[in-house]
Amino acid sequence: MTTALSVLPINLPLPARLQTPTAAAESAAANAAAAGGIKTGGFPSISIKAGRFHEKEGGELKTYMQPSLPGQPALPLQCLEIALVAANPAITKTYYPGDYVEGSTDEPTCRSSNGVTPDADVVQKQHPQCVDCPQNAWGSKISKLSGKEIKACDDSKVLAVLPASDPTYKVLGFAIHKGSLSNWGKYLQALSNRGIPVPVTEIATNVTFDATQTGVLQFSFSRFLTDDESAQVKQRALGDDAKVIVAQSRVIAPPA
């Protein structure tokens, strides 16, 4: 037997008996009981804590720095060039009862990787179905920045990315949160609205901070990947490390 992480196919057809809302809720509860609150482990990711780009792994943050000039101190990197490897097709939902601190290693109270039902290992599920969850309703929280009604449950798009300049580097998780989702959508729309659509997986994308809004990201075209870079990115998309990041469900095969 293998100890490798096995990712369930996203398009895996379910038997008819498992396709009802009641069955989905029962399935989530059964999986949670079987998991017994065991964490499946994290993966290296990109953090934007304090308006800087960091690499987060195992609770440690490593700030990305620009190469320093002679006689000058090194400065934090302000433009991150990434290559998209894969994306979770669903919107990921995370709920913290208080205010989430960017870069925190604390697990959310509730989380859904498929945007439909809470993940199996979540102990304090807020509702069997995300669509009816009170934490997912507008007005369930007031934004401290804008004073407007928002959702207590945060929406994000989870990507698996690589540094565009080094496709051999470890695959990193990158969550685009609700304040930046509109900008990400506009960027993808601009790529698609050309006479010949530009695949986002074939280009290097610049990620920068919006100078007028805290924690908001901007996205722009940097360059086309070289033939070698493109081939490497496609190959990395087949790896378990990328699949785990964008998976909508996960199981761990027991050790021998």
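Visitor: Which residue stands opposite Ala-86 in β10?

Guide: Ala-160 does. Before we go on, this is a predicted model, where local features need pLDDT of at least 70 and side-chain atom pairs count only at pLDDT 80 or more, while totals for chains, interfaces and linings use all residues. Residues are numbered from 1 along each chain as its sequence is written, and side-chain values use heavy atoms, with hydrogens and water left out.

Visitor: How many bridges pair β5 and β10?

Guide: Two strands pair if DSSP finds at least two bridges between them. Here β5 and β10 are antiparallel, with five bridges. Strand β5 (residues 79-87) is also joined to β12 by five bridges, again antiparallel, and there Glu-81 faces Asn-206. Helices (H or I, at least four residues) and strands (E, at least two) are DSSP runs, numbered from the N terminus; the chain has four helices and 14 strands.

Visitor: Which residues of α2 are buried?

Guide: Buried means under 20% relative accessible area, exposed over 50%, and partly exposed in between (1.4 Å probe, protein chains only). In α2 the buried ones are Ser-180, Asn-183, Trp-184, Tyr-187 and Leu-191. They lie on the same side of α2, because they cover an arc of only 105° around the axis, taken from the directions from the helix axis to the C-beta atoms. An α-helix has 3.6 residues a turn, so residues three or four places apart point the same way.

Visitor: What covers the buried residues of α2?

Guide: Look for contacts, meaning heavy atoms within 4.5 Å. The cover includes β10 (153-163), β11 (172-177), β12 (203-209) and β13 (217-224).

Visitor: How many aromatic pairs does a search of the whole structure find?

Guide: Rings of Phe, Tyr and Trp (its six-membered ring) pair if their centres lie within 6.5 Å; planes under 30 degrees apart count as stacked, over 60 as edge-to-face and the rest as tilted. The search finds five pairs. In one of them, Trp-184 and Tyr-187 have ring centres 5.8 Å apart and planes at 45°, so this pair is tilted. These two residues are three apart in helix α2, which means about one helical turn separates them. Tyr-187 also pairs with Phe-219, stacked at 6.5 Å centre to centre with 25° between the planes. Tyr-187 lies in helix α2 and Phe-219 in strand β13, so that pair ties together parts 32 residues apart in sequence.

Visitor: Is Phe-219 buried or exposed?

Guide: Phe-219 is buried, at 9% relative accessibility, and Tyr-187 is buried too, with a relative accessible area of 7%. Together, Trp-184, Tyr-187 and Phe-219 form one aromatic cluster.
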